[in-house]
Amino acid sequence: MLVLTNNHQLELLTDDIAPVPKLGKIKPFRTQLLKWIGNKQQQADLIISFFPKQFNTYFEPFLGSGGVLGVLAPKKAVASDTFAPLIQIWQTLHNHKELLKKQYAERYALIAQLGKKTAYESVRANYNRIPNGADLLYLCRACYGGVVRFRKNDGYMSTPVGIHDPITPDSFNKRVDIWHIRTQGACFLHLDFAEAMKQAKEGDLVYCDPPYSDSQAILYGAQTFSLQRLFNSIAACKARGVFVVLSIDGTKYSGRKLCNIAIPNGLFEREAFINVGRSMLKRFQMDGKSLENHEVRDRLLLTF
Ligand SMILES: C[S@@+](CC[C@H](N)C(=O)[O-])C[C@H]1O[C@@H](n2cnc3c(N)ncnc32)[C@H](O)[C@@H]1O
């Protein structure tokens with residue numbers, strides 16, 4: 001079968017391979033609202049190609065910067081995260097988009113007064129006094145590498161200023177308008193994943209992109225994250241007829257185990273491998289031999 005991949009190259013693929021979106025004609029949606037480590041927007045088209053053809057409400061319980069939500073632009077969605085200031089940003093985008101533009105513009109204007117580094121440090125000091133969405137919005141756009149990091153002992157946001165110049169308010173405003181439309185169907189909730197997943201009903205789809213406990217411990221409160229608890233929620237969803245797709249980082253996954261935690265037998269039906277511009281789908285293999293030497297950027301486990 002010949003299909004167009006993300007790189008717009010023709011690839012020869014074998015028969016047990018899932019459809020790859022034909023991206024040759026439509027430019028993929030790559031405009032980012034927030035800069036966020038672990039953002040999935042680049043891979044979102046491929047991830048979405050593994051979703052069921054039909055589902056009711058879309059759930060994204062580890063929202064972060066909403067890379068998949070933005071590309072999917074679902075009619076009806078529940079988008080949630082435990083990081084309260086982050087959810088404030090999404091709620092402001094949804095309910096008061098002009099306010100979101102103003103919040104960014106006010107902080108950006110400090111550059112002209114104080115210089116880029118001092119402006120950033122003053123916003124960061126304010127955020128660390130009282131964590132809030134308006135400051136986090138500017139920090140994630142202006143911080144080094146978009147890596148919003150917190151000190152383990154006291155939760156202090158410690159990332160230094162980035163070497164790049166943050167985007168101008170004009171450019172940010174355009175992004176706000178685009179993202180406001182694309183996320184109209186979503187309601188944004190500050191929830192632990194387990195609470196959000198409880199709301200999913202038969203025929204709904206849950207896409208999970210959790211933090212990985214060993215590598216992201218100081219990022220966005222991942223300290224308390226438990227994969228075992230996530231597996232319990234996925235099992236409960238599957239039993240109710242909810243479709244679940246779990247993203248995993250290839251380097252944290254080997255054979256039957258994810259971050260040294262055994263994946264419960266029978267929980268997932270299939271496994272998909274996502275590489276740069278290429279995807280493969282296999283029946284879920286529990287022997288740990290499949291494609292171990294293959295350079296994999298991301299993997300998906302599917303309950304259907
Ligand atoms: C890897 S990031 C998601 C990235 C996202 N796919 C994107 O495109 O930006 C993981 C997210 O999980 C959130 N998180 C951590 N623990 C959580 C929990 N117990 N319940 C819900 N969200 C949680 C973090 O705040 C973070 O935003």
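The legends below describe close-up views of one predicted model.

Residue numbers start at 1 in each chain and follow the sequence as written. Because the model is predicted, local features need a pLDDT of at least 70 and side-chain atom pairs count only at pLDDT 80 or more, while totals for chains, interfaces and linings use all residues.

**View 1. The protein chain and its confidence.** The protein chain holds 9 helices and 13 strands, taken as DSSP runs (H or I of at least four residues for helices, E of at least two for strands) and numbered from the N terminus. Its mean pLDDT, the predictor's confidence in each residue from 0 to 100, is 83, and 77% of the residues score at least 70. Residues 1–21 stay under 50 in pLDDT, and the model gives them 38 contacts beyond four places in sequence; a contact means that two C-beta atoms, placed from the backbone, lie within 7 Å. Over residues 283–294 the pLDDT is also below 50, with 16 contacts beyond near neighbours in sequence. Of the 304 residues, 40% are buried. The term buried stands for 20 or more other C-beta atoms within 10 Å of a residue's own, exposed for 12 or fewer, and partly exposed for values in between, with C-beta atoms placed from the backbone.

**View 2. The shell around the ligand.** The ligand is surrounded by 22 residues, the closest being G38, F62, G64, S65 and G67. The shell consists of 10 nonpolar, 8 polar and 4 charged residues (nonpolar: Ala, Val, Leu, Ile, Met, Phe, Trp, Tyr, Cys and Pro; charged: Asp, Glu, Lys and Arg; polar: the others, Gly among them).

View 3. L63 sits in the loop between β3 (58–60) and α2 (67–72). L63 counts as buried because 29 other C-beta atoms lie within 10 Å. Beyond four places in sequence, L63 contacts L69, A79, S80, D81 and W90. The C-alpha atoms of L63 and D81 are 5.4 Å apart, although the two residues are 18 apart in sequence. In β4, 5 of the 5 residues are buried, so the strand is largely enclosed by the rest of the structure. A77, A79 and D81 point to one side of β4, V78 and S80 to the other. β3 and β4 run parallel and are joined by 3 bridges, where pairing requires at least two bridges found by DSSP. E60 has A79 of β4 as its bridge partner.

**View 4. Antiparallel strands.** Three strands form an open sheet in the order β8-β9-β10, with antiparallel pairing. β8 (253–254) and β10 (261–262) are the edge strands, each with a single partner, so one side of each has no neighbour in the sheet. β8 pairs with β9 (residues 257–258) over 2 bridges, and S254 is opposite K257. Elsewhere, β7 (residues 243–249) and β13 run antiparallel over 5 bridges, with D249 partnered by D298. In β13 (residues 298–302), 4 of the 5 residues are buried.

How values were computed. A residue is near a molecule or strand if its C-beta atom, placed from the backbone, lies within 6 Å of it.
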